[in-house]
Structures are given as C-alpha cells and as structure tokens.
Amino acid sequence: MKKLLLAGGLLTLAAFSLPNPPVDDTRPTATDPNTTAEVPQDHKLVIYQLMTRLFGNKVALNKPYGTIGENGCGKFNDITDKALDEIKKMGVSHVWYTGVIEHATMTDYTAQGIPPDDADVVKGRAGSPYAIKDYYDVAPDLAVVVKNRMVEYEALIKRTHDKGLKVLMDFIPNHVARSYKSDAKPPGVVDLGTLDDKTKAFAPNNNFYYLPGKSFVPPAGHHPLGALKGPREDGKFFEIPAKATGNDVFSEAPKLDDWFETVKLNYGVDYANGRKPFFSPVPDTWKKMRDILVFWAGKNVDGFRCDVAEMVPVEFWAYVIPEVKKVKPDIVFIAEAYNPKEYQTYLDKGKFDYLYDKVGLYDGLRKLMRQEGTTEDITKVWKEESNGFSSRMLRFLENHDEQRIASKEFAADPRRAIPAMTVTATLASGPVMLYMGQEVGEAANGVAGFNTGDGRTTIFDYWGVPEHQKWLNQGKCDGAKLNPEQKTLRDFYARLLTLASTSDAIRRGRFYELQDANNLGKEYNQRYLYAYLRYTDKQQVLVVVNFSSDKTYRPVINIPAEAVTAMGLNPKKFYTYTDLLTPEEPRNALNLTLAPLSACIFEIKPR
C-alpha cells in the first residue's frame, strides 16, 4: 500500500480519510478556479420520457405513412403496472407522458363526435403532438375506448402514483393547431379566439394575431402523405383573416419549413410595433392559459414540461406559475429553454423550477461522443453557463427533439453514451432525463412518412420503435428479446440512474474538477478524460470517464491539497475506493485502467 505523497503541490492519493464533516471556512470559494461557490440543492429528479403513442405499440410493420390500423398505436392502458415497475427499477422518480393533449390528426374520429382535420394543415398521418386541437381533452389515439379517453388517462395517472412515481405532461403555451376548437371545455369556459376583434392585427385581449383582409395559403409542396392523398387535401384551408404562425411568421403564406400548421397565441406583445408590451391589465390569453394549467393540475399531475417557453414573455410565467402553485404548491415547471443569457431571468423572474440544458452540456457532450470536442466544453458549462444554478438545469442526451445516440447521424454506437451519460447524471444535483429506447440503443432507422429518417424517432407518424419493442416483448416488459449487448447497456443505465437517485454526494454534494490537477499526468489525456469530485459530509465520490472510442488510458489520479481540505480528509489515514458503477473489490490506490468509453464512480471510505 502506498502512502500519501506530496509532489509539485499535488497529492497522489493512494490512501486518505475524512474523519469530520467539512466546515464552512474550508469549503471552496469562487477564488478556486476548479470549483464554484454554489451550494448545491437536491433537485435530483430522474425523469423517464415516453412518447405515449409509441411506448406500448406492439405492431412491427412500420409501413411508411401507415394508418393507425396498419402500424398500430400505443395506448394509456399499455402503460401497465409491470411497465411502471420496470421503469421505476431504473431509479426513475418521474414519468413524462409526452403527446397526451388532443392534437390535430389525419385519423378520422367523426364517429366519436370529434371534428375531422384537414391534411393541408397537419404534419404526418398521426399529427404533431405540439399542434394542440383542444387544451381540455386528450388524444383519442391513446384510448382503447375513445369516449372514455379522459377516464383512461386519469387511471394512468393513478396507476403511476400507486407505483410511487410522479407524472409530468406537456404544456404547449405558444401555439395551437389551425383547427383549434375545444369541444371538451368545462362549462363557462370561453374558447380561444371567440371574442377576438378580427379586424385588428393586434389587440391586447385578442388571443391570436391576425392579417386582416388576407386569406391563409398553405405552403406549396406540402404533400401530407407523400404520393398518397390525405383527408380533405386540396391545397387549401379556409382561414379568413389569416393568423400568424407559431414560429412568429406574420404572413398569410408561410413557407414549408415554417410551423405553418400552427397559429401563434397573443400574450399581449405587439410584434408589429417593436414588441411593445401590454401586460396591464392582465391579458385575456394569460387568464385562459392559467385556467388550462389549473384544469390539469386538478387531474393530479405533478408537473409540466413547457414547450418553447422562451417564445412566451417571461412576465406571463411570473404571473402564471405562482397562480398554479396556489392550487398545487409542489407542482413543478420545466422550461424548454435554449438561450443561456436568459437562464437566470427565467429562473428568478419567470419562477421556473428547472430549465433544459441543451445548448450547454448536451451540445458539448454530443461533440465528445462524436470524437470532435474536448472536455473543456464541460468545464465551460459549470464554470460559466450554469454557475450558481446548476442544480436547476435538466440534463439529458436524448429527447423527442434530438437525434438518437445510436443513429448514424449522431454517434452510431450507443455505448458512446456511457461516459457522457455518467457526466449528465452526476455533474450536478439537478434533474436528469432518459428517453424511451435510449437505454436499449434505439437507432431510429427508416423513413416513417413525414419523418424522413433523420436520426430521430418520429413524433408525427404511427410507428413502432424496434429496439424498444424488443424490451416491450408484446407487453411483457421483460426485455427477453434484447441481445446481450442491449441487456448490458440497459443494466448500465439502471445502475447509473439508481446511483444518481440514491447517492448523497450526487444528490446534494459540492463539486470539484480535477482536470488541472491531472493535466501533466503521463497517461492523462484531458481531451478525452474527465475527472471530478462530488462530496458531502456523509459521502465522497470520485467520477472518472474516458470519452475516447478506441484508446485505453492508465492514469494515476491526483487530487490537489485544496480539494483534500475541502472534503475534510485526513491524510494520515488510509482509504479504499469502491467503484459503485461496476461491482468490484475495493482498491487501495487510484492507479486506473480506463478502457475506451468507460466510466467509474468511486466511493471513498476509510480502511
């Protein structure tokens, strides 16, 4: 056994101890470039996102542009007790049921009293779950008995809660389908646009933006079903006056790559006059959206993932989130956000609980997974972009908007997620998210229809998710059809997320980066290797990952004296290091062998 050696101001840790909790005057300050003064908060939600339409679908035909009868469709009832048990076993605390609210679709439900949609303003046979047709209803696709669709969703919420899991759902505040009309609204609710003055392009209490005197023109080249003919498809859609599109295009003839199937909601911002705000008195749209959120909170959901939250004025969020929390104080709001310069504003002024960390950590890890970036991208995230509020950043490697890791368009090899997901789950104390199929290496192969095969699992078409279906195994949810490599991958995700959800150091510990301490090491290539500490008074862990896809490194990990002091370690005692990710015998030194695409999380304990 080696003893503690002092060399060049660094401690080569082969053995050390932590007899007492660290005290305030020894904790890291902002003057140490390897850490921050942030006091982490325990916000370690572990979220499993599932596309409700896809999750339980057992049909494997996958015919391009296939109908619901041909390609099948998952139902609320397919998310069984067994499915929820298996999800929970992965350390999951929250399930995000994506695509629940009723949206425009080409499937005909007129027999059930639901007005049909025009294919000229629908994307995909199934339709986009973000082109909402009725805020007060759920998608008929998801029900076994259409007339009982809300009852079936309420049963899923209860089933989820009974398993000790919490429910997240979408809230789409910025835009609705062009066919929007609520036929399920509660008594007394006035529908969006009903009282609008359509002679005005903008009025503070209008719900939509108008182009008076102009008729809407669907974009040329929109072939909803390719060579097939969609329902009511004729290149026309009656809308006079035309409305502005969801992506802020104020034209009666939006382009094919615009969100032409949606219309923008008016939150009291006059876009034509320098975005002049009219927020007092409270705009009508604000009140309507508040009522919609309160309606769903009344269904006992536990939180909302808010679509393109930055496209809605932050003043609205500052108003509506406290209003909803009056009804349900512990409900959470997650913002899909992409502008780091506005993160603090949406957290502090906007009152969001959590924000997406896409343009920071996701983008940096994506480059590393493709062998294009360096670990300096990770350093920039904690040191600059999320410094001071890292516990409130939701981290992920996949979601419905992003390409699959296993796709040829991203990384081709799902194992490249191992070091990246380890960092995603353990870098800070904020939420972490997994997307259905990620854990078994789903590659999103094939052209589904509106989705043209871009490395993303379609959200527009009826489709089976092949690798996920191997785990689903016709509803048994036992993974029996997975190959050994997939079982190993899923086991990694389960071990990592369970650890992230149970480790005191990861849930609430401080952070200390070890790149500077190791950059002179002979075997420490800091372009591909990344190491850091997470620690509390109860637990200390060392995380080390190797992003290289083809090279093994054998570093001796060094920990600087400042970090030893911060953790309250006693250099006069010996310590062991136990890898919590890969079960093995405790080791007495940090002479490591890091295989390609590997990750270790060592718990440090006295011998």
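Two strands pair if DSSP finds at least two bridges between them. Strands themselves are DSSP runs of E with at least two residues, helices are runs of H or I with at least four, and both are numbered from the N terminus. With that in place, F171 has C306 in β14 as its bridge partner.

Before going further, the basis. This is a predicted model, in which local features need pLDDT of at least 70 and side-chain atom pairs count only at pLDDT 80 or more, while totals for chains, interfaces and linings use all residues. Residues are numbered from 1 along each chain as its sequence is written, and side-chain values use heavy atoms, with hydrogens and water left out.

Now the barrel. Eight strands close up in the order β3-β4-β7-β14-β15-β16-β17-β18, and the pairing is parallel. On average, neighbouring strands here are turned by 30 degrees against each other, direction ignored. For angles in general, axes are lines fitted to C-alpha atoms, for helices over the stretch in contact, and values run from 0 to 180 degrees between N-to-C directions.

Helix α5, residues 284–297, lies across β7, β14 and β15, and runs at about 155 degrees to β7. Its other neighbour on my list is helix α6, residues 314–327: the two axes come within 10 Å and cross at roughly 35 degrees. On the α5 side, the contact is made by W286, K287, M289, R290, L293, V294 and A297; on the α6 side, by E315, F316, Y319, V320, E323, V324 and V327. Contact here means heavy atoms within 4.5 Å. The crossing of α5 and α6 is right-handed, and the convention is that the near helix is turned clockwise from the far one by less than a right angle, anticlockwise being left-handed.

Side chains of opposite charge can pair when their charged atoms come close. The criterion for a salt bridge is a side-chain nitrogen of Lys or Arg within 4 Å of a carboxyl oxygen of Asp or Glu. How many salt bridges does the structure hold? The count is 39.

R305 is worth a minute. Its side chain meets that of E336 in a salt bridge, at 3.2 Å from N to O. R305 sits in strand β14, residues 303–306, and E336 in the loop between β15 (332–335) and α7 (343–348), so the pair ties together parts that are 31 residues apart in sequence. Are these two residues buried or exposed? R305 is buried at 2% relative accessibility, and E336 is buried at 4%. The cut-offs are under 20% relative accessible area for buried, over 50% for exposed, and partly exposed in between, with a 1.4 Å probe and protein chains only.

R305 also forms a salt bridge with D401, where the closest N and O atoms are 3.7 Å apart. D401 lies in the loop between β17 (393–396) and α10 (417–426), and is 96 residues from R305. D401 is partly exposed, at 27%.

Another salt bridge joins R415 and D413, with 2.8 Å between the closest N and O atoms. R415 is partly exposed at 48%, whereas D413 is buried at 19%.

Next, α10. This helix packs against helix α12, residues 484–502, at an angle of about 15 degrees, with axes 10 Å apart. That makes the two roughly parallel; the classes are under 35 degrees for roughly parallel, over 145 for roughly antiparallel, 65 to 115 for roughly perpendicular, and oblique for the rest. The crossing of α10 and α12 is right-handed. Among the contact residues are M421 and T422 of α10 and F492 and Y493 of α12.

Last, the antiparallel parts. An open sheet of five strands has the order β19-β20-β21-β24-β23. At its edges stand β19 (510–513) and β23 (575–579), each with a single partner strand, so one side of each is left without a neighbour in the sheet. The twist averages 25 degrees from one strand to the next. Within this sheet, β21 (residues 540–546) and β24 (residues 598–606) pair over six bridges, and L542 stands opposite F602.

Elsewhere, β5 (residues 101–103) pairs with β6 in the antiparallel sense over three bridges, with I132 of β6 as the bridge partner of H103. Strand β6, residues 132–138, is mostly covered, seven of its seven residues being buried.
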